[in-house]
Amino acid sequence: MGRQIDGGNVVRVFVMTPHADAQERAVFHDVIEEVNDVKARAHGVQFKPVGTSGSVLGRLRPKALRNKDLLTANLVVAVLWRHWDPDEAARFETLYDLARENDKEVWLYVRTLDDALLAHPDESLRHVLAFRDRIEQAGRVRYFRYDDVADWVEKLLQHLFHWLDNLPSLDAPLGPLSADDLDARLAVFPATPPDTLDRLRAAWTFAEAGRLTRAHEHFARATDETPTPAVQVEYARFLGHLGALERAEALYKTVLDLNTPADAQGLVAAGYGHLGHAYEQRGDLDAAKRLYRQALHLNERLDRPEAMATDYGSLGNVYWMQSELEKAEQAYREALLLNEKLDRLSRMAADYSNLGNVYSVWGRLDEAEAAAYRLKEMSAASGDPEIAHRGCLAPAYFVEEKRKDREKAEELFEDCLEKFPTDSFVVGQAMNFFDRIGKRERSTQLIRESVEAAPEALSLRSNLANRLSADGDLEGAEETLVEAVDSFGSAAAWNLLAGFYRRTQNPEKALEALEKVIELSGGGNDMLRFTQADILIDIGELDRANEVADSLDEPTYARLIQGRIQLERGDAKGALEAFDAGIRHWPNNAGARYLAGLAARDLGDFDRAVSEFREAVRADRAATEAPLVLASIHFARGEYALAVTFANTYLKSPTRSQKEFAYILGVRALTKRGDYDRARKAVEALEAVAEKPQTVVIQRAAIDQAEFGDEAALVTIEKSGLDLVDLENSDLLKIWSEYSIDSGHDAGVLAKARAGVKHHPDSSVHHEFLANVLARLERSDEAIVSYHRALELEPENAAAIAGIATIAAKGGDLAQGVGGFDRAAELVPDEKSYAYSAAQLSLMAGDKAGAEKRLREIVRGDPGHAGARNDLAWMLAERGDDLDLALSLAEDARRIDASSDILDTLGYVHLKRGESAAAVAALELAVESGGDSPSIRYRLATALDQAGDAERAREMLQIALDTGSFPEADAARRDLARLSP
């Protein structure tokens, strides 16, 4: 039954009990508060308890006031046990009758009585039983039995949650999980006890509110109490939402094994479809295909054409992603045929869209264009506002992308704008188009006009703010959102402002805005308080964050916050354990996965880190910085294609704050791959977001250097017209000097360096640069003077300290060199070259333990340092210690840099492990890669000998000995004599 709320957004609950059970009275207030916190406030309402004697007010109210409370109440809750207080009995019955006469909704809770009490009822109990019999016979009241106070609390919670779900005047926002059409699904299982149905409703309510532990508890109890198909299906859906896909699939199979009726099997088929989509989002396309096929098989058997059409469409999408275009077309056509028979215009539109994509790839452009216009026609005719605007744009996309007719495409975009002038999606897509054709001013004009036309649309204001932010107008973006706050004054508007401040790295203002959201939402829910704690960590208030974590009802959120606090305090191991606990309860929580990835990265477990970051991207690519961190790791490891992929993934979200870095990473990765044309296009995109002109020139020069050489890079820098002596261009100056010296233009570089010092005598950077140039030209005494001048101006100039250390080491003072590099590494911990130099010098000085310690720290902190991995692998193999780690390090190093020295190390590790065939393969590659070292040939000979190839072993030994002297020469002579016939 639908219900309306009178008197604004307050739900008045009148409670009465004719007995003196103080415990029940005391917990009623707690129940109301929990319902408010978990669900009511999210609906925009608040429950308020009112009542008579024995209510939470704890005092007897005058009759007139009691009656007024009752008559203004939206809901009446009556609680009855075995006591019937004589003074209260008449008032209770009078109020009850008054409620019924005024058509109030009454819930009567009657406590279950022992058989012994019923056999010998006293006076009070006889009154209770008589009243109970009367209301049972009269009907028209919700009547529930309860066992004890805990059972009553549980039932009341469930009933209030369900009551909220049936308020048609309220528009409840969906939380992270959704029960969808729960009552429709449960109707398929009419034999399920009412208490179990209420428990399932409560479970979904807790899930939607983010109270995952409570939701799990309710599902588990429902499963234990009533292990019916209904419970199994709902639990499976819940697990699927959380990302526990294997467990969900197993539960669905259990339902089928119970020989459930056709309608129930239909729910399982739908569940398989949901799981297939989850696997698809996770990137496991084979699993997705398997689930979609299972869903289709069930739906075919049940003759459910609508569901079959959906399954065919889903299968087509997987085939499309796997480039099985013939199968994709066939699946899409099957979906279209079914939807045509069912006259489902909106679904037909989607089918035409999918078929158009296939035809476009095949080059059948006339058919593809016809499908695009058919899609537009179907979308408009469907009357479905959810697709009409999207379908309208299909021909515009096609004409622009495939026909390359921008003029016609612009006409089509304008047509859609005329039809949907305030639709945020249409406006956004049109803005993207005008950006692409160089009409950026028209784009900004569009969103401004939309906001003016629909000032009540908060989403459009949000889009305008995003636009201004993307254009670098952060002040204008902030002003737009502040105006939205002033206009709406709602929690949603304040939340947008809080999000803006978080994205623009202004946590103090973000916290202020979020606390306003919490205030307006009546104290907020766990998710809001979780975000509050997260921001407190951002500003370093860890103790306050911990206090907020302690106040969270959902343990999963509390663990994540506590884990992040541990991470901030340097306890990566403890943090990872906390994140693991959270992930077990919510596997597809993007934030938890991202934090676990950071902890694993800090521990040096980059494989685990990559795995967690990928899960974060699969769960929600826009929720965290995981795509960018992944791109960085893959770039460092030499996996350039993956680096480009994840940099692009990061950039697809318009509100990203590190666009410049992402573009630079993509340009560098494309350059490393030799894809110079795409790299140059990426530089054009970088130009729109770069803070300094030198950034763009540096990347263009790097591409030209990679493709054509140093001289070409110098020409690019000169053509830029930038003043290299200007402090704003100091990074470009360093790049220019490297290209110049490598090209033999020493004098010009030295002159430029001296000019920089002359123009900026108080610039530590310019003195450091002059010193670097002098050092490269082997003018060490002059370089030392300039380095010291740089340090006078900036005592913590790490590059100058490292420069002095380099000169000292070259002069034979290894101790000073190690000390200098250690100091530089301490000042700039992210620059691992300083620590690596210290490690190498320590090894030269005979301090193997010190070298190993530094190498281990580098390996733990830098996923792409091939040198440190190579050297540590060699040290471990040399002493025969932890050869599994040695092999892992050597293989990582080879993936990053497959040079002959690194292949030599890999072969040596295999040799020490007794893996002669693998050792031969690696060492032969080392020789083929230019490794003409006699030591490498000696190790190859040793491996060949172990592999039983004495003839080739002799050949390698002879070549090595003919080369000249090397450390293993005596051993090589002995081996050659032993192997000679």
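Let's start with Asp602, which forms a salt bridge with Arg601, their closest N and O atoms being 3.7 Å apart. By salt bridge I mean a side-chain nitrogen of Lys or Arg within 4 Å of a carboxyl oxygen of Asp or Glu. Asp602 counts as partly exposed because its relative accessibility is 31%, and Arg601 is partly exposed too, with a relative accessible area of 32%. The cut-offs here are under 20% relative accessible area for buried, over 50% for exposed, and partly exposed in between, with a 1.4 Å probe and protein chains only.

A word on where this comes from: this is a predicted model, in which local features need pLDDT of at least 70 and side-chain atom pairs count only at pLDDT 80 or more, while totals for chains, interfaces and linings use all residues. Residues are numbered from 1 along each chain as its sequence is written, and side-chain values use heavy atoms, with hydrogens and water left out.

Helices, by the way, are DSSP runs of H or I with at least four residues, numbered from the N terminus. Lys516 is partly exposed at 25% relative accessibility, whereas Glu519 is exposed at 53%.

Now for Arg869 and Asp892: buried or exposed? Both are buried. They form a salt bridge too, with the closest N and O atoms 4.0 Å apart. This pair links distant parts of the chain, 23 residues apart, with Arg869 in helix H46 (residues 866-878) and Asp892 in helix H47 (residues 883-896). Elsewhere, salt bridges with shared partners join Arg502, Asp534, Asp538, Arg564 and Glu568 into one network.

On the surface, Asp473, Glu475, Glu479, Glu483 and Asp486 gather in a patch of negative charge. Patch members have over 30% relative accessible area and no salt bridge, and like charges are joined within 9 Å. Of these residues, Glu475 lies in helix H23 (residues 474-488) and counts as exposed because its relative accessibility is 63%.

Last stop, Thr444 in helix H21 (residues 440-453). Thr444 counts as buried, at 15% relative accessibility. Beyond its neighbours within four places in sequence, Thr444 is in contact (heavy atoms within 4.5 Å) with Arg467 and Asp471.

How values were computed. Patches are made of residues with over 30% relative accessible area and no salt bridge: like charges are joined within 9 Å, nonpolar side chains (Val, Leu, Ile, Met, Phe, Trp, Tyr) within 5 Å. Accessible areas come from the Shrake-Rupley method with a 1.4 Å probe; for residues, only the protein chains shown count as cover. Lys and Arg count as positive and Asp and Glu as negative; His and the chain ends are not counted. The place of a charge is taken as NZ of Lys, CZ of Arg, CG of Asp or CD of Glu. Helices (H or I, at least four residues) and strands (E, at least two) are DSSP runs, numbered from the N terminus.
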